[in-house]
Amino acid sequence: MSNRGISGTDDVAARLARITLRQPTLPAPHHLGQDWPGMVLAEHQAALDEATVGGARIVAVQMADREARRALLADWVRRHAVQFPGGQLYFDMHDVRRDGAGDPAVMLARLLRSLGVWEEFIPPRFADRVHALQRVAAQRRCVIVVDGVSLMPEAAVAACPEGMLLVGSHRPVDGLRLHGDAACLNLESPASPREDLDALVSSLPTSARALYRLLGHLPAPTIGPVLAHALLDSAGERAIRELKDVGLLVPAGMPGRSRLREQALTHARDRAMAEPSGDRLRALRQITDVCLQVVEEAAATCTSPDADDAARWAALEVLDAEQHTVTLLMQTITHAQWHRKVWRLAMALRPLYDARVYESYWQESHTLGVEAALWDGAIDVQAELRTQLARLELLCGYPDNPERAEKALASAQEMLTLVSSDRLRGLIWQTLAELEEARDRDSVPAWQQARHWYTQAQEQGQADAAMATARLGQALVAAGSAEEALAVLNGAAGPSGAHADLVRAAAYRALEQHGPALSAAVDAAEHAAHHARYRPYSTALTLVAELAGEFQDEELLQMCRGKERELEAASIGIGRLGR
């Protein structure tokens with residue numbers, strides 16, 4: 001039954017109907033489509049075929065030769081590609097291994113991103129990412145290959161009921177027996193000819209020889225074109241091609257990155273260690289300075305109001321690709337006591353973690369940065385990084401371990417009177433307000449302080465002040481002060497945007513002004529969809545649907561449900577994958 005007792009619902013329905021989501025068609029991921037260097041033996045192909053047709057959903061391949069193992073896995077995927085129309089995904093755990101441990105949380109985030117999940121819908125917590133991958137993969141049949149695995153839990157989280165998981169390892173995979181639908185192949189590596197790597201390197205062109213030397217000094221196992229170009233200017237890309245042409249450099253797990261093959265990496269690092277200590281120190285300083293330049297430039301682009309969305313996205317991808325290199329480099333130069341460079345690297349990663357949560361990297365890089373800033377007497381940096389560590393705990397640790405979030409924030413609060421930046425004072429108060437909300441306490445005073453200090457920061461804190469105003473309004477509505485919330489939101493400096501409109505809608509609804517509430521909710525939906533902010537768009541649709549239910553407007557309610565289904569399908573990539 002339709003009830004048009006609230007004026008304007010016809011107009012609301014028409015506005016809602018006109019909202020369309022940006023849905024760029026994404027190709028189904030084909031990470032293993034290329035030919036990988038490495039020998040594939042017919043008997044290995046037959047053994048893997050036999051293991052996969054026996055009903056096993058997880059098949060582990062143990063082989064010492066890393067290149068031959070990956071080539072075998074890629075060969076199987078190509079020959080059986082028709083069975084997996086949802087795509088072929090590849091992740092090399094070697095690329096994110098630190099202190100002997102892989103990072104499956106990073107793997108899950110990158111798999112979800114490759115499957116078309118919007119960034120807003122990739123959960124920050126590990127367990128939620130596992131569930132998200134299961135949910136997404138249930139909609140399509142895909143094969144996931146996880147190589148470089150040491151322990152079965154590193155890869156098992158990627159196993160999906162509707163697809164296949166192939167696991168590559170150089171040794172027996174502990175924990176495989178816990179999976180009843182798993183099989184393991186122990187294959188002998190193909191015989192490889194003896195090589196004189198010293199002679200091969202000596203015959204290389206100058207640029208390739210220079211890059212090979214630097215790769216021996218680089219703490220991380222992979223390199224991308226941006227860092228190679230920064231190290232060797234225009235010769236960087238040519239050096240990568242030359243090293244690939246002679247088989248010393250091979251594709252890494254992350255698209256666009258490369259690594260030395262196993263024997264070459266050992267050789268390069270042995271040569272690096274044999275250099276005089278002064279030469280080793282100069283090489284490390286060169287790598288550090290260049291890496292710092294690359295990530296600081298990317299960070300500046302991410303936060304620049306003049307950069308367009310494409311430039312920001314490209315800069316964010318650089319930070320994402322280089323975070324492993326940066327973190328390992330920070331470990332190395334901490335021992336050299338290059339404190340200023342350590343905390344500058346940590347600060348350069350901040351824009352990445354504002355957009356994407358990589359818990360272990362965030363934790364380690366910022367902890368190292370705090371210690372370095374303490375040694376260097378950089379008080380503002382200490383406070384900012386400590387505050388970011390508290391925000392990490394709120395995202396990933398709360399409510400399971402609230403003490404850690406409270407402790408991290410307390411150490412930042414202690415520095416409030418010492419910091420020189422009004423924007424930073426606002427950030428500390430904002431984080432305190434978020435902690436108060438997480439503890440179901442009154443956050444209004446903290447949001448008032450955050451708003452005050454962000455406003456004091458003037459242009460530097462303008463966007464943050466608008467955000468804090470909207471959050472203050474939200475806290476006031478929750479505290480039962482809807483009229484005060486509207487006064488704050490609709491004042492001379494009242495914020496605009498989806499979040500502010502949602503708070504206005506909630507305040508009008510609390511005052512039983514249903515017409516303005518409905519209009520503000522649709523304003524929020526329109527603004528969020530236009531700016532591709534799909535989480536507030538989802539919230540706005542939910543609010544419109546609730547209001548439509550209260551009005552008994554069945555037509556508007558059904559339209560909302562249709563929009564919610566459209567968002568549900570789009571947000572997990574369904575219908576967005578091309579063939």
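**Group meeting talk: strands, helices and one buried arginine**

Let's start with two strands. S4 and strand S5 (residues 164–169) pair in the parallel sense over 4 bridges. A quick word on terms. Two strands pair if DSSP finds at least two bridges between them. Helices (H or I, at least four residues) and strands (E, at least two) are DSSP runs, numbered from the N terminus.

This is a predicted model, where local features need pLDDT of at least 70, side-chain atom pairs count only at pLDDT 80 or more, and totals for chains, interfaces and linings use all residues. Residues are numbered from 1 along each chain as its sequence is written, and side-chain values use heavy atoms, with hydrogens and water left out.

Back to S4, residues 143–147. On its other pairing, strand S3 (residues 88–92) joins S4 in the parallel sense, over 5 bridges.

How many of the residues of S4 are buried? The count is 5 of 5, so the strand is mostly covered, given that buried means under 20% relative accessible area, exposed over 50%, and partly exposed in between (1.4 Å probe, protein chains only). Val143, Val145 and Asp147 point one way. Ile144 and Val146 point the other way.

Next comes Arg70, in helix H3 (residues 66–79). Is Arg70 buried or exposed? Its relative accessibility is 1%, so Arg70 counts as buried. Contact here means heavy atoms within 4.5 Å.

S7 and strand S9 (residues 258–260) share 2 bridges in the antiparallel sense. Within S9, Ser258 is the bridge partner of Ile223.

Now a helix. H22 covers residues 482–489. Its buried residues are Ala482, Ala485, Leu486, Val488 and Leu489. They span an arc of only 160 degrees around the axis, which puts them on the same side of H22. That arc is taken from the directions from the helix axis to the C-beta atoms. What do the buried residues pack against? Three helices: H20 (444–456), H21 (462–478) and H23 (498–510). The face turned away from the buried side carries Glu483 and Ala487, both exposed.

In general, most residues other than glycine have a negative phi. Asp99 has a positive phi, near 50 degrees. Asp99 sits in the loop between S3 and helix H4 (104–114). At 69% relative accessibility, Asp99 counts as exposed. Gln337 also has a positive phi, near 60 degrees. Its loop runs between helix H13 (309–335) and helix H14 (339–348). With 57% relative accessibility, Gln337 counts as exposed.

Now the whole protein. There are 26 helices and 10 strands. Buried residues make up 54% of the 579 residues. The C-alpha trace spans about 85 × 60 × 45 Å along its principal axes. A compact globule of 579 residues would have a radius of gyration near 25 Å; the protein has 27 Å, which agrees. The radius is taken over C-alpha atoms, and the globule rule is 2.2 Å times the number of residues to the power 0.38. Among contacts between residues at least 6 apart in sequence, 70% join residues at least 24 apart.

Last, confidence. pLDDT is the predictor's confidence in each residue, from 0 to 100. The protein averages 89, and 94% of the residues score at least 70. Over residues 1–5 the pLDDT is below 50; this stretch has 12 contacts in the model beyond near neighbours in sequence. Residues 574–579 also stay under 50, with 23 contacts beyond four places in sequence. Which element has the lowest mean pLDDT? Strand S10 (residues 577–578), at 38; H14 has the highest, at 98.
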